[in-house]
Amino acid sequence: QAPPPWRRVRSLVLRWLISTLAIFVAVYLIPGIGFVGPGWELGIVAAVFGLVNAALRPLLTLLTCPLIILSLGLFGLVINALLLLLTARIAAGLGVQFTVDNFLSAFLGGLVISLVSVLLSVLAGEIAPPTVVVRRQ
């Protein structure tokens, strides 16, 4: 059964806020990632990042599936970096001063954004926390 529309909107807004906070943390922690402007423009960056992820991640994942499997999923971090670089380009085109200087900064920024997003999603109840079950036989 599909959740009611208000719950889907709440979830979408919550994910957008979490992405905004995660990008803020990456800007704060990673030297090669910069942002200048009013805070609400960081929300635009998060929206662009979400749209870029929704549009391109499935295609990139499909095309690089063998690399993802061979690297045990670590190539997904390279995809994150590329999508973050693309987001910076699109943001610049929109007049938002969000910059990513190089691939290493994008790689570390993508890692920080992923970790912070997962942590905040668990804390907000969007993702169930991992459970460990130990059985004695």
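The following conversation goes through some computed features of a predicted model and the definitions behind them.

Modeller: This is a predicted model, in which local features need pLDDT of at least 70 and side-chain atom pairs count only at pLDDT 80 or more, while totals for chains, interfaces and linings use all residues. Residues are numbered from 1 along each chain as its sequence is written, and side-chain values use heavy atoms, with hydrogens and water left out.

Biologist: What makes up the secondary structure of the protein chain?

Modeller: The protein chain has five helices and two strands, where helices (H or I, at least four residues) and strands (E, at least two) are DSSP runs numbered from the N terminus. Along the sequence their pattern is α-β-α-α-α-β-α.

Biologist: Why is H4 called roughly perpendicular to H5?

Modeller: Helix H4 (residues 75-93) and helix H5 (residues 103-124) pack at an angle of about 110 degrees, with their axes 8 Å apart. Angles of 65 to 115 degrees count as roughly perpendicular, under 35 as roughly parallel, over 145 as roughly antiparallel and the rest as oblique, so H4 is roughly perpendicular to H5.

Biologist: Which residues make that contact, and of what classes are they?

Modeller: With contact meaning heavy atoms within 4.5 Å, the residues include Leu-77, Val-78 and Asn-80 of H4 and Phe-103, Ala-106 and Gly-109 of H5. The contact of H4 with H5 divides into 11 nonpolar, four polar and no charged residues, where Ala, Val, Leu, Ile, Met, Phe, Trp, Tyr, Cys and Pro count as nonpolar, Asp, Glu, Lys and Arg as charged, and the others, Gly among them, as polar.

Biologist: Why is Leu-72 called exposed?

Modeller: Leu-72 has a relative accessible area of 78%, and exposed means over 50%, buried under 20% and partly exposed in between, with a 1.4 Å probe and protein chains only, so Leu-72 is exposed.

Biologist: Where is Leu-72, and what is its phi?

Modeller: Leu-72 is in the loop between helix H3 (65-70) and H4, and its phi is positive, about 55 degrees, although Leu-72 is not a glycine. Most residues other than glycine have a negative phi.

Biologist: How much of the protein chain counts as buried?

Modeller: Of the 137 residues of the protein chain, 33% count as buried.

Biologist: What size of box do the C-alpha atoms of the protein chain fill?

Modeller: Taken along the principal axes, the box is roughly 60 × 40 × 30 Å.

Conventions
Axes fitted to C-alpha atoms, helices over the stretch in contact; angles between N-to-C directions.
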